[in-house]
Amino acid sequence: MDANEMESQQHRAVGDDEFGRINTGLNKYTIFCALLASTNSILLGYDIGVMSGAVLFIKENLKISSVQVEILVGSLNVLSLIGSLASGQTSDYIGRRYTIVLAAATFLVGALLMGFAPSFSLLLAGRIVAGIGVGYSLMISPVYTAEISPAMKRGFLTSLPEVFIVSGILLGYIVNYSLSGLPQNMNWRLMLGFAAIPAIAIGFGVTAMPESPRWLVMKGRTDEAKRVLVKVSDSCQEAEFRLNEITKAAALDIGQAASSSNSEWRGQWVWRELLLSPSRPVRRILVAAIGINFFMQASGNDAVIYYCPEVFKDAGIHNKRQLFGVNVIMGVAKASFVLISALCLDKFGRRPLLLLGSIGMAVSLAVLGMGSKFLEHSESKPLWAIIVCILAVCADVSFFSIGLGPITWVYSSEIFPLRLRAQGTGLAISVNRLVSGVVSMTFLTISNKITFGVMFLVLSGVMVVGTLFFYFFLPETKSKSLEEVWALFEDKDKSNDGERGGMQMREI
């Protein structure tokens, strides 16, 4: 155990947190900043929710095929990986705060293009532009929030992006339901165009946020970082402690004193370290981050939400308002459980909720698969079977909101060391978006070949594999500072095995 770990443990020995004082709650300014940053994520949520209903009208109004529907839906997710990959280098260069502005501005342009699109081609172009903005927002929101949050409350604050994604989904469902009675050539345009409103609000709201103190330290602007930490901490003593911890970590990360040459640091050479010559700890971090992002989307959650009306239309519900009503019920379930998860993350930890959620998803998808298979072979479409399927879908998205939904963003943003955090998180989230796009663009085609029932059973099997992966490869990070999390992935002879949350990581 090195001197820094001993000092940190001494601080914890005299109080409930790393500053030797009773943890009485959250700094209000920290909550304000985290809420503003996380609001960026509402853009993706709104698109997921509203597109699930708008695509029914787009298909009829523009006379497009099912393949074009899949391309339209999945294109935003696939193209968002460009934003995710670029966001790391961008935020290392211009800062976290201005990257949030860039994300909102890009999505705004895409939303306007979609709202005014007279043809499928221009609508697709709007989806592509909006997708790049979504990619930026998905990386920068949790990274910024993690970097301003205290260790004891980081789980709650960093899960806020998922809370806003789910809120956006629910808002999209409500807009679908409200506008479904309008003329067909108008309703879907309003549904998609309304996304410009939160994008504009986010762009202006960011002006009230400070820059990330960790980014400022990496750039050699220690005095500015201290002023920010004083605002987001409960006392000057806490701010001083956090600054010292960040400065030491930054000096080690860059390989020289943080005060001497960090002003020239722009995230250079990070990709080489991540992809060409990663150390064993970095390799373990990459496996954990990419793995959790892969399984988040391989679970089929986005596809289930996008194509929920198609699934229930196949099950026997044909009235559009009834289909949108089912969506609203599902959205309320998601929103309720993601709030419960966010409030419990710092109390129970990441691993227990993640394992609970993934096991629950596996069971729910299995029930949904069997229910769908029953309805496929039933001519009468009994009401009880439809209700079972509706409950199974609600259970699936609820367990997702307990585990994979919020914890993927939390975990991805907190396990990378400072020098790798933005670009490493961007790489992991680009995998997230790629898998989401592939699943969204093939879900209907594959389901038409093998039926929805078999598709859901396959997704259940994916979640069984995911559960095993989480158990063996993801250590607990609860209550640890960002600078301490690194020790969890170091070689066993360099770190305390007892801090691994009761789990021995596989050799990688």
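Predicted model: local features only at pLDDT ≥ 70, side-chain atom pairs only at ≥ 80, totals over all residues.
# Notebook: a helical protein model

**Overview.** Next I looked up burial. Of the 508 residues in the protein, 59% are buried. Residues 24 or more positions apart account for 83% of them. The accessible surface comes to about 18500 Å². Carbon and sulfur atoms hold 67% of that surface.

**Confidence.** I looked up the pLDDT before going further. The protein averages 82, and 87% of the residues score at least 70. Where is confidence lowest, and where is it highest? Helix H14, residues 258–261, has the lowest mean, at 38. Helix H16, residues 280–298, has the highest, at 93. I also marked two stretches. Over residues 1–24 the pLDDT is below 50, and this stretch has 42 contacts in the model beyond near neighbours in sequence. Over residues 495–504 the pLDDT is also below 50, with 29 such contacts.

**Helix H6.** I picked out H6, which runs over residues 120–148 and has 29 residues. From its first C-alpha to its last I get 42 Å. That is close to the 42 Å expected at 1.5 Å a residue. Why do I call H6 largely enclosed by the rest of the structure? I do so because 23 of its 29 residues are buried.

**Arg 154.** I found Arg 154 in helix H7, residues 154–158. Is Arg 154 buried or exposed? Its relative accessible area is 1%, so it is buried, the cut-off being under 20%. I then listed its contacts, leaving aside neighbours within four places in sequence. Among them are Ala 146, Ser 149, Asp 346, Arg 350 and Glu 414. The list also includes Thr 477, Lys 480, Ser 481, Leu 482 and Val 485.

- I placed Lys 63 in the loop between helix H3 (42–61) and helix H4 (66–94). Lys 63 is exposed, because its relative accessible area is 68% and the cut-off is over 50%.
- I placed Thr 451 in helix H23, residues 418–473. At 25% relative accessibility, Thr 451 counts as partly exposed.

Notes: Residues numbered from 1 in each chain as written. Heavy atoms only, no water. Helix = DSSP H or I, 4+ residues; strand = E, 2+ residues; numbered from the N terminus. Expected span 1.5 Å × (residues − 1). Buried < 20%, exposed > 50% of the residue type's maximum accessible area, 1.4 Å probe, protein only. pLDDT = per-residue confidence, 0-100. Contact = heavy atoms within 4.5 Å. Areas by Shrake-Rupley, 256 points an atom, 1.4 Å probe, with all protein chains shown as cover.
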